[in-house]
Amino acid sequence: MTLLNGHASLSPAAQRRIEHHEADIVIVGAGVLGCALAVALGNQGRSVILLEKSLEEPNRIVGELLQPGGVQALEQLGLRDCLEDIDGINVKGYWVTYFGEPVLLEYPKSSPTSPTPLGRAFHHGRFVMKLRAAALSCPNVTVVETKVTGLITSSYTQEVLGVECITKDVKDCYFGQLTVAADGYNSVFRKEHHQYTPKRRSKFHGLELIDAKLPAPNTGHVLLSDNPPVLMYQIGTHETRILIDIPDNLPAASVKNGGVKGYMRNNILPKLPEGVQQSFSDALEKGQLRSMPNSFLPASANKTPGLMILGDALNMRHPLTGGGMTVALNDVCVIRELLSPERVPNLSNTGLVLEQLAEFHWKRKNSSSVINILAQALYALFAADNYYLKALQRGCFRYFQIGPVGGPVGLLAGLIKKPLVLVSHFFSVAFLAIWVHICDTPLSKLFLAPYYAVMILYTASVVILPYIWTEIWY
Ligand SMILES: Cc1cc2nc3c(=O)[nH]c(=O)nc-3n(C[C@H](O)[C@H](O)[C@H](O)COP(=O)(O)OP(=O)(O)OC[C@H]3O[C@@H](n4cnc5c(N)ncnc54)[C@H](O)[C@@H]3O)c2cc1C
Ligand SMILES: *[C@@H]1O[C@H](CO)[C@@H](O)[C@H](O)[C@H]1NC(C)=O
């Protein structure tokens with residue numbers, strides 16, 4: 001299906017796109033990243049072809065809470081409207097409970113008199129349809145429904161020239177000076193052109209609850225206990241998403257213990273807030289459980305001429321902190337600047353494009369590093385599976401109760417983009433964890449205090465340093 005964007009008389013560029021399948025940029029994947037990028041570059045006067053395997057409304061359990069930092073990026077891209085008319089819910093911060101004990105963490109204001117920054121929760125598919133509509137109404141973008149099957153590479157220069165695809169069972173191809181792989185977590189292009197492969201430690205299992213009564217409306221709920229973390233947030237007037245993290249090989253969810261469903265019924269249901277329990281067991285009975293892998297994938301610098309990998313295809317972190325769309329939208333803001341027609345008049349200048357992409361790799365870290373490191377480190381604490389991690393988890397919760405929470409929440413929201421702020425908070429958590437642990441140690445064991453201190457600090461370092469290392473050096 002070729003959509004002509006409703007324009008009767010076609011510009012020469014549009015004609016080239018539609019008749020010759022040729023543009024400045026060919027983007028694979030009309031997800032969050034692909035659509036936003038198509039609009040951003042189309043508005044700069046580039047000719048863009050956006051390819052998507054299914055233009056039907058996606059129905060997925062991912063990308064349903066956009067952090068305030070992501071809302072700001074949308075605004076910069078002129079796409080803020082995409083959050084309207086989708087029955088979305090404002091989010092003013094987080095509600096974290098630790099064995100039932102709650103703390104409210106609001107997103108920090110930029111100044112005492114400014115309003116609380118807001119995130120937004122919604123049905124993923126509705127948001128994506130809005131982004132696609134924005135791309136469709138951009139005169140410099142042509143959207144085509146087709147399944148991309150591979151890259152077309154010049155055997156002479158190794159440069160990527162475009163893509164092969166299958167449109168309604170017929171083989172087809174599209175050519176661009178720059179090809180963008182934005183085909184999401186399961187990218188087929190990553191294998192050959194990305195340095196790393198995704199690592200998975202757990203899955204999120206999701207249910208949609210109807211008319212659940214959340215203890216703290218307009219917040220993301222994080223439930224901490226002996227179990228790995230559980231997330232809940234309202235995504236529509238009547239609908240609430242619950243995501244339950246299950247690490248690979250979790251004994252409590254083994255076949256012997258009744259599998260995932262048994263785990264939900266025996267371990268999760270009793271610990272949910274009362275107003276949520278009925279809707280949870282209803283949803284469970286209906287058998288609508290769905291799951292997605294939670295992956296970690298460090299970004300790698302784009303080095304293939306004519307190709308650019310972006311979005312989840314490029315970089316992933318645990319979705320605990322809901323950072324993926326914020327990273328993707330921030331990346332679009334950075335790319336738009338680095339590849340602007342002023343800086344790169346002609347995208348066929350692959351040398352110059354590669355230089356700009358090398359700069360992109362470092363420049364994007366301003367916003368992505370903090371979100372990536374925080375997601376992985378918090379997940380390690382929240383899914384604590386050993387003694388010292390549990391001590392850190394408790395320290396973290398106490399820190400939320402008494403500490404300067406604007407910092408950690410601002411980092412998570414994508415509002416504070418300073419890795420050093422993250423590191424200082426993380427080690428403050430570690431020292432608080434040591435203090436709390438020692439206060440709870442019986443006198444007879446107090447001689448072990450120095451040992452506990454070293455072990456907790458060591459565990460904290462092992463949790464966070466590898467991620468910092470990956471972000472800073474590669
Ligand atoms: C369980 C879970 C929960 C999450 N929750 C959140 C959250 O609350 N907030 C948040 O910000 N992030 C969240 N994320 C992350 C977020 O979903 C992603 O970061 C975001 O969707 C990435 O956007 P993308 O455009 O790169 O990929 P996608 O949104 O996956 O888009 C890829 C597009 O490419 C298309 N495509 C794929 N292959 C082909 C092909 N061969 N040919 C043509 N088209 C193709 C697909 O149909 C799709 O439309 C979550 C992730 C998971 C796993
Ligand atoms: C489309 O591109 C042309 C140049 O090719 C540019 O003049 C025009 O402003 C662009 N249109 C929009 C809506 O951005």
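Select Glu64 and its surroundings. Leaving aside neighbours within four places in sequence, Glu64 is in contact (heavy atoms within 4.5 Å) with Arg120, Ala121, Phe122, His124, Tyr233, Ile235, Arg241 and Met325. This is a predicted model: local features need pLDDT of at least 70, side-chain atom pairs count only at pLDDT 80 or more, and totals for chains, interfaces and linings use all residues. Residues are numbered from 1 along each chain as its sequence is written, chains are lettered from A and ligands numbered from 1 in the order written, and side-chain values use heavy atoms, without hydrogens and water.

Stay on Glu64. The residue sits in the loop between strand S2 (48-52) and strand S3 (65-66). Helices (H or I, at least four residues) and strands (E, at least two) are DSSP runs, numbered from the N terminus. Is Glu64 buried or exposed? Glu64 counts as buried because its relative accessibility is 2%; the cut-off for buried is under 20% relative accessible area, with exposed over 50% and partly exposed in between (1.4 Å probe, protein chains only). Now show side chains. Those of Glu64 and Arg241 are joined by a polar contact of 2.7 Å. Such a contact is a pair of N or O atoms within 3.5 Å; within protein, one must be able to donate a hydrogen and the other to accept it, and residues adjacent in sequence count only if both atoms are side-chain atoms.

Next, select His194. Find it in the loop between helix H5 (190-193) and S12. His194 is buried, at 8% relative accessible area. Its side chain reaches the backbone oxygen of Leu314 at 2.7 Å. Not counting residues up to four places away in sequence, His194 touches Leu297, Pro298, Ala299, Ser300, Ala313 and Leu314.

Move to helix H6, residues 259-268. Gly259, Gly262, Tyr263, Met264 and Ile268 are buried there. An α-helix has 3.6 residues a turn, so residues three or four places apart point the same way.

Now colour by annotation. An unreviewed UniProt entry places "domain: Squalene epoxidase" at residues 176-445. UniProt annotations may be inferred rather than shown by experiment, and positions follow the numbering used here, with feature names shortened. Residues 176-445 are 43% helix and 17% strand. The unreviewed entry also places "transmembrane region" at 422-439 and 451-469. Residues 422-439 are 100% helix, with end C-alpha atoms 26 Å apart. Residues 451-469 are 100% helix, and their end C-alpha atoms are 26 Å apart.

Last stop: Ile472, in helix H14 (residues 449-473).
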